[in-house]
Amino acid sequence: MRVLLLALALAGCEPRFRGPPVRPPAQYGVRGIDVSHHQGWVDWPRVAESREVSFVFVKATEGTTHVDRRFHRNWAGAREAGLRVGAYHYFSLCRTGADQAAHFIATVPRVPDGLPPVVDIEADRRCNRDDRLARTGVEVAAWVDAVQAHFGVRPLVYASSSFERTHLAPAGIGGPLWLAAYTRSPRNRGWTFWQYTDRGRVPGIRGPVDGNVFHGTLEALHRIGGEPTP
C-alpha cells in the first residue's frame with residue numbers, strides 16, 4: 001500500500017489516482033482507515049464527525065531509526081477526536097526483528113485503550129527482496145514476541161493475501177491478521193482486519209486513503225484493543 005507511494009515520491013512524482021471512490025463491503029459495519037505522512041494534514045475532528053470511521057491505524061516507525069514525521073500529530077489528533085487508534089511498524093529485513101521492536105517500543109505510547117500494535121511486512125526492492133524473504137518468519141516472530149511482551153497484547157500482522165499464504169503461513173507466523181485484498185474478500189485463514197482499497201475517501205482527508213473493515217462488531221473491536229477510556 002505504501003511502497004508504491006514511496007517509490008513515486010523518491011522519483012519526484014506525485015501519485016495519481018483515478019476512478020470513483022471505493023465503497024466498503026456492506027456486510028462489514030465497523031470501518032476504519034490507516035494513515036501516514038502521505039495523507040498530509042488531517043482534520044481529525046471532521047474525520048470523527050463524519051461517522052464513517054471507527055478506528056485508525058497510524059504509521060509510527062520503519063526499520064530501527066525512522067519515525068513517520070506525522071506520527072505524533074496523527075496519534076494525538078485521532079485520539080483526541082475520540083477514535084480508536086493503533087500504531088504500525090513497516091518491517092525491514094535489513095535489520096533484526098529485535099532491534100526494530102525496540103525502536104517501535106521507544107516511539108509508541110502504551111495506553112489502555114489502544115488497538116493492538118501492527119507489524120507491516122511487504123516485499124519491496126530495498127530490504128525485503130526475494131533473496132532475504134527466507135528470514136521473514138524468524139525476524140517477524142522476534143518483533144512480535146518483544147512487542148507483545150511490552151504492550152501485553154498480541155500484535156497484528158499486516159500483509160497482502162498472497163504474501164501471507166506464501167511467506168507467513170509456511171513460517172508458522174500466527175496471531176491476528178490484517179490482510180490487504182482489493183478485488184475480493186480474503187480467502188486466507190481467519191482475518192481480523194481487511195484493507196479493501198487504497199482509494200478510499202473520507203471527509204477531513206484530502207486525497208485517497210486506505211480503507212479497512214473489522215471482522216466483527218464494535219463491541220468486539222473494543223475487546224481486542226481495550227475499552228475506551230471515559
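Tutor: Helices (H or I, at least four residues) and strands (E, at least two) are DSSP runs, numbered from the N terminus. By that definition, the protein has seven helices and nine strands. The model is a predicted one, in which local features need pLDDT of at least 70, side-chain atom pairs count only at pLDDT 80 or more, and totals for chains, interfaces and linings use all residues. Residues are numbered from 1 along each chain as its sequence is written, and side-chain values use heavy atoms, with hydrogens and water left out.

Let us turn to helix 6, which spans residues 161-171. A residue is called buried under 20% relative accessible area, exposed over 50%, and partly exposed in between (1.4 Å probe, protein chains only). Within helix 6, the buried residues are S161, F163, E164 and L168. Seen down the helix axis, these buried residues fall within an arc of 125°, so they line one face of helix 6; the arc is that of the directions from the helix axis to the C-beta atoms. An α-helix has 3.6 residues a turn, so residues three or four places apart point the same way. On the other side of helix 6, T166 and P170 are exposed.

The cover over the buried residues of helix 6 includes helix 5 (136-151), strand 6 (156-160) and strand 7 (177-180), where contact means heavy atoms within 4.5 Å. After helix 6 comes G172, and its phi is positive, near 75°. For the protein as a whole, buried residues make up 50% of the 230 residues.
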